Amino acid sequence: MRRIVATWLVALSLLLGSVALAGPARAEQDVPEQWRSYWVDAFNDGIYTPDQVSTLIEDALAVNANVLIIQTARRYDCFCNRALYPRTDAAIDPAPYDPLDEVIAQAHAAGLQVHAWVNVNTLWNSATPPRAADHVFNRHGPTAQGRDRWLNKKADGTELQGVNAYIDPGHPDAAAYIVDAIRSLVRQYDVDGINLDYIRYPDGSSTTTHSDWGYNEVALERFRQATGHTGIPAPDDARWSEWRRDQITSLVRRIYLGMWEEDPAARLSVNAITYGFGPQSVGGWEATRTYAEVLQDWSGWLAEGITDTVVTMNYKRDWNPDQARMYSEWTEFLADSQAGRQGVTGPALYLNPVEGSLAQVREALTPTASGNVAAGWSGYSYASPSMDVAANGPVAERERLTAALTTGSDAPFADPAAVPGMAWKEAPREGHVTGQLALRDGTPLDQTRITLRPLGGRGGGGAPQAVRTVTDGSGWFGFAHAAPGRYLLTVDLPSGVVGAPVSAVEVREGRIAQAPFAPFRPVR
């Protein structure tokens with residue numbers, strides 16, 4: 001019955017023009033652009049059956065949302081049937097039911113975008129292993145040896161936090177799997193975007209000034225090879241922290257450009273940490289817990305243009321003065337740091353009464369002193385719409401939240417809105433360069449510096465500006481958002497390796513240029 005009602009409501013809302021349309025039709029509608037979404041987690045009801053999906057769509061339409069962030073890859077298990085990740089063990093309807101397919105079909109019919117939410121570094125969280133033999137935990141977890149062991153490890157040798165296992169982004173094979181799995185989702189499903197969660201190092205470090213994680217043996221050896229460091233670096237070693245942070249940034253860059261190859265229109269969003277007070281209070285961005293403790297440089301990703309949208313997990317209690325200040329500082333910092341991309345403020349509905357969440361929505365959408373405003377709002381979460389759920393139930397509290405956000409002429413979501421466009425993707429004026437460096441036997445050239453230098457004309461935009469990067473553990477490298485024109489690529493070959501270290505590429509708007517490097521060879 002709920003599905004029939006939901007279908008009728010969708011048809012009626014489309015007829016009346018009350019649904020924010022996604023895609024090209026958006027431009028034809030005289031509606032403002034403002035991101036509005038729920039995070040829909042897969043640990044609670046919401047997508048386990050077609051009827052739950054119908055209810056979800058109905059609730060999203062009621063609050064004038066335009067995006068659903070659907071948890072798809074939870075712990076390297078997939079709420080889908082056609083991805084590199086194995087199908088989840090969760091109690092979803094039996095196959096052939098495909099939760100992601102069902103959400104996409106119903107959401108798109110209602111004019112809602114669907115972004116597949118992927119947990120990147122959380123591997124498993126149960127004492128019982130997953131049933132799928134090909135699950136990463138079974139193949140590369142506690143029973144694996146040597147290079148096949150992808151587990152993240154703390155400086156004290158700990159690999160598990162209780163029953164929680166994490167993957168080390170400094171392991172090249174793990175990073176490659178993550179990229180391939182995400183690309184498989186974009187390739188196999190008509191998603192509007194990918195939302196990355198846990199795109200960072202884990203919590204649970206001994207202090208808030210550095211991370212204790214990243215001590216997988218393969219990752220450690222790569223650090224030693226890159227820096228000449230001997231032994232095991234201390235958790236607060238500055239070079240070690242920078243190296244680990246670079247592994248996350250390199251992974252984001254590779255995901256971004258990999259998605260562009262699959263579907264240039266697909267949006268990459270990341271869930272961003274906002275622990276403690278904002279940069280305004282702690283001495284700048286690099287002094288924040290985000291940058292120092294969990295090694296997540298989301299402000300830098302916005303500046304480089306390797307993520308389209310940052311969704312801050314700004315989980316603060318509006319009724320607590322210190323946390324209210326934290327919320328304000330991070331809200332301001334996000335709006336002022338968008339760098340031509342988009343920032344969305346994501347409050348914790350479950351920490352606040354409805355009245356507090358309404359106040360946080362209003363603040364999130366208010367211009368800063370510099371005149372900047374965030375691109376929108378995302379509520380965490382659909383399953384827990386207020387702190388009063390235990391007393392009143394999720395349905396009643398979701399209805400109260402919906403009424404507060406949509407009822408009255410001054411309600412923030414009284415009228416529909418369209419998902420903000422991405423001019424850098426819809427009408428790109430820049431291109432990208434990717435490539436891979438390897439020896440003749442296929443061994444990748446890891447952590448090898450490569451320089452991209454414009455050869456005059458449009459490429460330089462005036463004085464030539466050289467840009468440098470290093471290859472990752474598979475020998476891959478990428479340069480995002482280069483001006484159109486001819487470029488020279490120069491490789492700083494490591495000692496004992498010879499070959500042609502120079503190549504040229506032509507960058508075109510909206511295209512990815514593949515850098516043509518022949519395999520190198522070691523000196524015998």
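In the predicted model, Ser 357 is in contact with Leu 349, Asn 352 and Leu 401, its neighbours within four places in sequence being left aside. Ser 357 belongs to helix 12, which spans residues 354-364. With a relative accessible area of 2%, Ser 357 is buried, because the cut-off for that class is a value under 20%.

The confidence of the prediction was examined along the chain. The protein chain has a mean pLDDT of 93, and 93% of its residues reach 70 or more. Residues 1-28, however, have a pLDDT below 50, and this stretch makes 45 contacts in the model beyond near neighbours in sequence. Where pLDDT is low, predicted coordinates should not be read in detail.

The sheet architecture includes a barrel closed by eight strands, in the order 1-2-3-7-8-9-10-11, with parallel pairing. On average, neighbouring strands of this sheet are turned by 25° against each other, direction ignored. Helix 3, formed by residues 99-109, lies across strand 2 and strand 3 and runs at about 155° to strand 3.

Aromatic side chains were considered next. The model holds 30 aromatic pairs. One of them joins Tyr 166 and Trp 213 in an edge-to-face arrangement, with 5.4 Å centre to centre and 70° between the planes. Tyr 166 lies in strand 6 (residues 164-166), whereas Trp 213 lies in the loop between strand 7 (193-197) and helix 6 (217-227), so this pair ties together parts that are 47 residues apart in sequence. Both Tyr 166 and Trp 213 are buried.

A stacked pair is formed by Trp 285 and Phe 333, at 5.5 Å centre to centre and with 15° between the planes. Because Trp 285 is placed in the loop between helix 8 (279-282) and helix 9 (289-292) and Phe 333 in helix 11 (residues 321-336), the pair ties together parts that are 48 residues apart in sequence. Trp 285 counts as buried at 14% relative accessibility, and Phe 333 counts as buried at 15%. Trp 285 and Phe 333 also belong to one aromatic cluster with Tyr 291, Trp 298 and Trp 330.

Charged groups are likewise found over aromatic rings. The charged end of Arg 325 sits over the ring of Phe 277, 4.3 Å from its centre. Arg 75 lies over the face of Tyr 198, at 5.9 Å from the ring centre.

Note on methods
Residues numbered from 1 in each chain as written. Predicted model: local features only at pLDDT ≥ 70, side-chain atom pairs only at ≥ 80, totals over all residues. Heavy atoms only, no water. Helix = DSSP H or I, 4+ residues; strand = E, 2+ residues; numbered from the N terminus. Buried < 20%, exposed > 50% of the residue type's maximum accessible area, 1.4 Å probe, protein only. Contact = heavy atoms within 4.5 Å. pLDDT = per-residue confidence, 0-100. Pairing = 2+ DSSP bridges. Axes fitted to C-alpha atoms, helices over the stretch in contact; angles between N-to-C directions. Phe/Tyr/Trp six-rings, centres within 6.5 Å; stacked < 30°, edge-to-face > 60°. Lys NZ or Arg CZ within 6 Å of the ring centre and 35° of its normal.
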